[in-house]
Amino acid sequence: MNALFRFLASPAGRVVRVVAGIVLIAVGLFLVQGVGGWILAIIGLVPLGAGLFDRCVFAPLFGLPFVGPNLRRAVEE
């Protein structure tokens, strides 16, 4: 599990989260119609914001720090 969080805290992981957020927002706004599209676009804000602000939303569920620099230190140990 540390390998997953090590990747998510890395610069590449942050880029993947930002891109995933942008894709979810675009799909929600342009491909899915109605309320479902808006919900998908709003959900896309989570990985986008997490990647931009260097946070890992799922890390606390596994007892790891939420903030990127602290997470990187935790998974290196």
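1. Basis. The model is predicted: local features need pLDDT of at least 70, side-chain atom pairs count only at pLDDT 80 or more, and totals for chains, interfaces and linings use all residues. Residues are numbered from 1 along each chain as its sequence is written, and side-chain values use heavy atoms, without hydrogens and water.

2. Asp 54. This residue lies in the loop between α3 (35-52) and α4 (68-76); helices are DSSP runs of H or I with at least four residues, numbered from the N terminus. Asp 54 is buried at 9% relative accessible area (buried is under 20%, exposed over 50%, partly exposed in between, with a 1.4 Å probe and protein chains only).

3. Surroundings of Asp 54. Beyond four places in sequence, Asp 54 touches Arg 14, Phe 66, Val 67, Gly 68, Pro 69 and Arg 72, where contact means heavy atoms within 4.5 Å.

4. Core. The largest nonpolar core holds eight residues: Phe 5, Leu 8, Ala 9, Cys 56, Ala 59, Leu 64, Leu 71 and Val 75. Such a core joins buried Ala, Val, Leu, Ile, Met, Phe, Trp, Tyr and Cys residues through side-chain atoms within 4.5 Å. Helices α1 and α4 are the elements that each give two or more residues to this core, and α1 provides the largest share, three residues. Leu 8 is in contact with Gly 13, Arg 14, Arg 17 and Cys 56, leaving aside neighbours within four places in sequence.

5. Leu 4. Helix α1 (residues 2-9) also contains Leu 4, which is partly exposed at 43% relative accessibility.
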